[in-house]
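Open the model in your viewer and keep the selection tool at hand.

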Amino acid sequence: MTDTHVTKRPLTLLGLGDMGTALARAWLTAGHPVTVWNRTAAKAGALAPHGARVAADPAAAVAANGLVVLCLLDDASIAAVLGGVDLTGKDLVNLTTGTPAEGRARARWAEERGARFVDAGIMGTPTMIDTPGSGAYVFYSGSRALFEAHREVLEAPAAARFVGEDPGHAALHDVALLSAMTGLFAGISHAYALIEGEDIAPGDLSPLLSEWLGSMGFFVGNAAERLTSRDFTTGVVSNLAMQVAASGTLLRTAADQGVSTELISPYLDLMRERLEADPTRHGAEDTVGAITLLRRGAA
Ligand code: FVH
């Protein structure tokens, strides 16, 4: 008789905030034995009835399994939790949000302690974890061997996207997408502020805004192509000179509506700076050319 029972691989999870708890539940639901530890013990205790094994301290949690996942508040909390813990031979996966520099430093730190390391950036909220169709996924970078060895476990709560062996690149992808989202949210906030006090309900503007932002999504691919070719002028449909002239309308309307321009002015200023540097040449460009001004701090 063949034993068809497949044992799911065990893991340790340190950090049971909103995200850590969602991840723990997903792994438990998928049948993975999970050892947990959390600074506030009650959050770990709450998972015991769901099958989690609760470790008394970080050292015991790390000793329990070869795969150790971190989902803590920030990089400083990793040092607070794992300082002095023996990591020899462990596979560390860091789901804590951090900068690329922190990811690279943590990789060196792990290597010095005899551990393999993968950094990660979670693209999703706790409610999107283990929710089919939510679109949540996680960027991973660092040791490809570690990632491939644990891919099945890592893909249980959300899809996985490995973005290379530079341990800083998961965080860089994460921060790039979150930064774009920040600008998008800023623009949406300004739009809603403009209609406040008028006889236009936010709910009436909402579908128009969604539709418009969707149709402007072409800018993402257009920018990538122009930044790759460094050709900012061929086939331009809305040139920089026109866009800068039109920006006056945006600013005057905001003033008339009593709305601060603080969320949109920096981008409009950047376009104007690009134009004024060489009006004849840059005036015919796509606005993508303004991106070249942003790397002021680069060596
Ligand atoms: N929640 C979200 O929407 C986002 C989605 C994208 C990814 N982020 C990042 O995920 C990390 C964890 O986020 P979280 O939502 O679980 O955060 P909290 O609920 O605030 O839980 C924080 C956990 O970290 C523990 N902790 C904090 N400082 C220390 C410390 N010095 N020593 C030990 N543990 C520490 C905290 O413990 P406790 O307060 O329960 O005792 C929680 O377990 C994060 O990087 C997000 O940016 C989430």
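**Stop 1: the second largest cavity**

The second largest cavity has a volume of about 40 Å³. Keep in mind that this is a predicted model. Select the residues that line this cavity: Asp-74, Asp-75, Ile-78, Asn-94, Thr-96, Thr-97, Gly-98, Thr-99, Glu-102, Gly-103 and Asp-119. Colour them by class and you get 1 nonpolar, 6 polar and 4 charged residues. Now show the helices. α4 and α5 (100-112) each give at least two residues to this lining.

**Stop 2: the largest cavity**

How many cavities of 30 Å³ or more does a search of the whole structure find? There are 2. The largest cavity has a volume of about 50 Å³. Select Leu-23, Trp-27, Leu-95, Ile-122, Ile-129, Val-138, Tyr-140, Leu-154, Pro-157 and Ala-158, which line the largest cavity. Two elements give two or more residues to this lining: α1 and β7 (137-142). Colour by class again. The lining of the largest cavity has 10 nonpolar residues, with no polar and no charged ones.

**Stop 3: the second largest pocket**

Move to the second largest pocket, which holds about 430 Å³ of space. It is lined by 19 residues, and those closest to its centre are Asn-38, Arg-39, Cys-71, Leu-72 and Leu-73. Show α1 and α4, the elements that give two or more residues to the lining of this pocket. By class, the lining of the second largest pocket splits into 9 nonpolar, 6 polar and 4 charged residues.

**Stop 4: the ligand**

Where does the ligand sit? Look in the second largest pocket. Select the shell around the ligand: 22 residues surround it, and the closest are Met-19, Asn-38, Arg-39, Thr-40 and Lys-43. The shell has 9 nonpolar, 10 polar and 3 charged residues.

- Asn-38: a polar side-chain atom lies 2.6 Å from an oxygen atom of the ligand.
- Met-19: a polar backbone atom is 2.9 Å from an oxygen atom of the ligand.
- Leu-72: a polar backbone atom is 3.0 Å from an oxygen atom of the ligand.

Finish with the surface view. Taken alone, the ligand exposes 900 Å², and the protein buries 75% of that.

Terms used
Residues are numbered from 1 along each chain as its sequence is written. This is a predicted model: local features need pLDDT of at least 70, side-chain atom pairs count only at pLDDT 80 or more; totals for chains, interfaces and linings use all residues. Side-chain values use heavy atoms; hydrogens and water are left out. A residue is near a molecule or strand if one of its heavy atoms lies within 4 Å of it. A polar contact is a pair of N or O atoms within 3.5 Å; within protein, one must be able to donate a hydrogen and the other to accept it, and residues adjacent in sequence count only if both atoms are side-chain atoms. Accessible areas come from the Shrake-Rupley method with a 1.4 Å probe; for residues, only the protein chains shown count as cover. On a 1 Å grid over the protein atoms alone, a cavity is a set of points where a 1.4 Å probe fits but cannot get out, and a pocket is an open set with protein on both sides within 12 Å along at least five of seven lines; lining residues have an atom within 4 Å of a point. A molecule sits in a cavity or pocket if more than half of its atoms lie within 2 Å of its grid points. Ala, Val, Leu, Ile, Met, Phe, Trp, Tyr, Cys and Pro count as nonpolar, Asp, Glu, Lys and Arg as charged, and the others, Gly among them, as polar. Grid points are joined across faces, edges and corners, and a volume is the space filled by probe spheres set on the points. Helices (H or I, at least four residues) and strands (E, at least two) are DSSP runs, numbered from the N terminus.
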